[in-house]
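Please look over the model below. My notes follow as numbered points, with the cut-offs given where each term comes up.

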Amino acid sequence: PLLSLRRTAFAALRSSLGGGNEVGEAWIATAKIARRAGHMQTAYSATLQATQNQATFAFVQRVKILAKEEQTHAAIRDLVNSLNTLVSSFKPTEHGDTGRSSVIELQGTDADGRTVRIDRDAYAKACLLRARLQDSTFRYTANEILDRYKEAAKEQHDSEKMWYHLGHFQDTHEGLLPNMAMQRYNVCRAFLRSAQVGTKFFYRTLPRVLTIWMDMAADDQILNFNKKGPTADAELAQKFDAFAQLNILM
């Protein structure tokens, strides 16, 4: 009822105050609540309303509905096409004193003559959804999916969720790098970055980082590396270098 009242109010004020896409965002919130409660028809109807009200990321709810109905491949196709369309219509611009590219700005104007801007964080979440959906199938290589996770983390570099999922993927997929020690270092780097910007996943990331660190510290090859001196092979040298970088990171 509150969302319905909000939609009515913004619809009434849109013509006089320029309500923007608040009506569409309210429909997105309705779709999200209905989907989580299992009311799929209501969620689908709300998603259609959000699309009609030009909500930029209404397609995300449509994709999530498809995924929940176990139509993962159709959801991926829809999401990829929607993101490609979005990228072709919007361009990154820098705003604010930080110099961070925080929004994607439309190259034109909407029907009312206003410049349309969207938050890059929403775009990053859509990229993360694409990575997670692709990860749930067996049609993509691990390196392709890893690139998708990296893209999401790059778009929203101060998000705990992005860094956690990037680290978790690297931690659960062996062979992403020829040197396993360096891959574990990348896992720790992503998890520690996640811990720096949030606390939701803290009790998952910190124990795993400490476990990796102590396992590498107890490795006999690493402990005996200095004793071997110049006779150490290249693989062992890379392993020791990864451990040294991890110590600096810790």
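**Notes on salt bridges and helices**

1. Arg-62 is partly exposed, at a relative accessible area of 26%. The classes are buried (under 20% relative accessible area), exposed (over 50%) and partly exposed in between, with a 1.4 Å probe and protein chains only. Its salt-bridge partner is Asp-78, with the closest N and O atoms 2.7 Å apart. A salt bridge here is a side-chain nitrogen of Lys or Arg within 4 Å of a carboxyl oxygen of Asp or Glu. The pair links distant parts of the chain: Arg-62 sits in helix α4 and Asp-78 in helix α5 (residues 72–89), 16 residues apart. Asp-78 is buried, at 18%.

2. On provenance: this is a predicted model, in which local features need pLDDT of at least 70, side-chain atom pairs count only at pLDDT 80 or more, and totals for chains, interfaces and linings use all residues. Residues are numbered from 1 along each chain as its sequence is written, and side-chain values use heavy atoms, with hydrogens and water left out. Helices (H or I, at least four residues) and strands (E, at least two) are DSSP runs, numbered from the N terminus.

3. How many salt bridges does the rule give? The count is 3.

4. Arg-130 forms a salt bridge with Glu-151, closest N and O atoms 2.8 Å apart. Arg-130 lies in helix α6 and Glu-151 in helix α7 (residues 142–155), so the pair ties together parts 21 residues apart in sequence. Arg-130 is buried, at 8%. Glu-151 is partly exposed, at 24%.

5. Asp-171 and Arg-208 also meet through their side chains in a salt bridge (2.8 Å, N to O). Asp-171 is in helix α8 (residues 160–172) and Arg-208 in helix α10 (residues 202–217), 37 residues apart. Both ends are partly exposed: Asp-171 at 23%, Arg-208 at 29%.

6. Back to helix α4 (residues 58–68), which holds Gln-61. Is Gln-61 buried or exposed? It counts as buried, because its relative accessibility is 4%. Its side chain makes a polar contact with that of Arg-35 (3.3 Å). A polar contact is a pair of N or O atoms within 3.5 Å; within protein, one must be able to donate a hydrogen and the other to accept it, and residues adjacent in sequence count only if both atoms are side-chain atoms. Leaving aside neighbours within four places in sequence, Gln-61 is in contact (heavy atoms within 4.5 Å) with Ile-28, Ala-31, Lys-32, Arg-35 and Thr-47.

7. Helix α6 (residues 120–135) passes a length check: its 16 residues should span 22 Å, and its end C-alpha atoms are 23 Å apart, which agrees. The expected span is 1.5 Å times one less than the number of residues. Its buried residues include Tyr-123, Cys-127 and Arg-130.
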